[in-house]
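Q: I have a two-part request. Can you walk me through this one, and keep it plain?
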Amino acid sequence: MKNVARIVPRARPAAAGLAALVAVLWIALAVVAVRELAVDQGWATGSPWLPAVLDALDGRTADVLAAVVGGVLVLLGLITLYLALKPGRVTHLSTTTEADLWLTRGALAALAHAVVDRQPGVVSVHAETTRRRVRVHVVARDDRGGLEQRVRAALGERLGPLTRQRVDVDVTEVAR
Amino acid sequence: MTRTLTVLDRAAGIVLAVVLIATGLLALDWHFALVLDLPDTLRTGAVDDAVTSAWWPWVFAGVAVVLGLVGLRWLVAHLGRPGESRTRLATSNETGRLTVDLGSLASVAAERLEQTGTVTDVRGRTRTVRGRTLVELRGHVGTYADVDDLIEATGACVREVSEAFDAAQPSTPVTCRVLLSAPRSKRAGRADRVRVS
């Protein structure tokens, strides 16, 4: 049995949307078919649609429009194939804690932000997370007190037990 | 979503893609006449005869209604299946049966985690994953949450659920997972402003 903790949280795959589209098309086909039967049996007024569609197609020649429609269908088919095989997006990053804890990129960035924001000398912080690293942009009054080292040390100490993501710190100094 | 449903969805997508590509290639070949020797003009007479016959509306409606019902069932399957609502404990005996309401347990675990103050808007639910019951807690990191407090709080929550079930011996293994998103407030990270006059 696979360990549940190893199952990565993922968003619903695009194939689910395609399946829903196919299901809706089948339901629509059922509605059209019942209407055709109702019109044919005289239970409803109107004229059947299917023979009209076939009449419109009858006599069509292999013109440029056929080639354009063919090209569009091939393109749609390739896009559909890509969406059908595409895996669901990974929604949360794993952590190194003992608990089965997962964080979105935004959550990890917020925690990094909170760590750096408490450092003396920091004017503003912007933190962002990619799949492999945490980037922290710090605006500070001046770096004479070794702010960059302090920020790195704080991030290493606080985020270390949480994640193995690489942490990049970029400090911009502004005049006092 | 179950694995079977995901496989079915992918298979349906692949079939749809193959149908679209094959139809498109046929239309292209009809115009460019590269492979098949297709007539220049489309004739729908034979199909038209079938469509206008007496049996056609009944067969068409019958097949389409079955497809429509299958489609409806397929759509409903995507709405999500809740996990086991109860689990039976091995300590049941001839004097009585012991079960645990997993939904209540998930709610209580979510409430306890939220009370730590490190996480907000926590919601608990149960899912069945690979034969195991998973108590899944989803919430948002508190705007000013301390990392150590967060690790301690989530660890304690997961441990409590695990220890409770280790002792109770449920019929299916129960584990707890915590999934956290960014702070909910749009003002996250901004400083509180205090005016002194």
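Q: What sits over the ring of W49(A)?
A: The charged end of R35(A) does, 3.9 Å from the centre of the ring. Keep in mind that this is a predicted model.

Q: Ok, other rings. How many aromatic pairs are there over all chains?
A: The count comes to 4. One of them is W26(A) with W74(B): the ring centres are 5.6 Å apart and the planes are at 40°.

Q: Why is the pair of W26(A) and W74(B) called tilted?
A: Planes under 30 degrees apart would count as stacked and over 60 as edge-to-face, so what lies between is tilted. At 40°, W26(A) and W74(B) are therefore a tilted pair.

Q: Where do those two residues sit?
A: The pair crosses between chains. W26(A) is in helix 1 (residues 14-40) of chain A, and W74(B) is in helix 3 (residues 56-77) of chain B.

Q: Is W74(B) buried or exposed?
A: Buried, because its relative accessibility is 8% and the cut-off for buried is under 20%. W26(A) has a relative accessible area of 27%, so W26(A) is partly exposed.

Q: And what about W55(B) and W56(B), which kind of pair is that?
A: Edge-to-face, because the planes are at 70°; the ring centres are 6.2 Å apart. W55(B) is partly exposed at 47% relative accessibility, and W56(B) is partly exposed at 22%.

Q: Which residues form one aromatic cluster with W55(B)?
A: W56(B) and F60(B).

Q: How many residues of strand 5 of chain B are buried?
A: 6 of its 8 residues, so to speak "mostly covered"; the strand spans residues 174-181. Strand 5 of chain B also pairs in the parallel sense with strand 4 (residues 132-141) of chain B, over 8 bridges. There, L137(B) stands opposite V178(B).

Technical notes: Residues are numbered from 1 along each chain as its sequence is written. Chains are lettered from A and ligands numbered from 1 in the order in which they are written. This is a predicted model: local features need pLDDT of at least 70, side-chain atom pairs count only at pLDDT 80 or more; totals for chains, interfaces and linings use all residues. Side-chain values use heavy atoms; hydrogens and water are left out. Buried means under 20% relative accessible area, exposed over 50%, partly exposed in between (1.4 Å probe, protein chains only). Helices (H or I, at least four residues) and strands (E, at least two) are DSSP runs, numbered from the N terminus. Two strands pair if DSSP finds at least two bridges between them. Rings of Phe, Tyr and Trp (its six-membered ring) pair if their centres lie within 6.5 Å; planes under 30 degrees apart count as stacked, over 60 as edge-to-face and the rest as tilted. A charge sits over a ring if NZ of Lys or CZ of Arg is within 6 Å of the ring centre and within 35 degrees of the ring normal.
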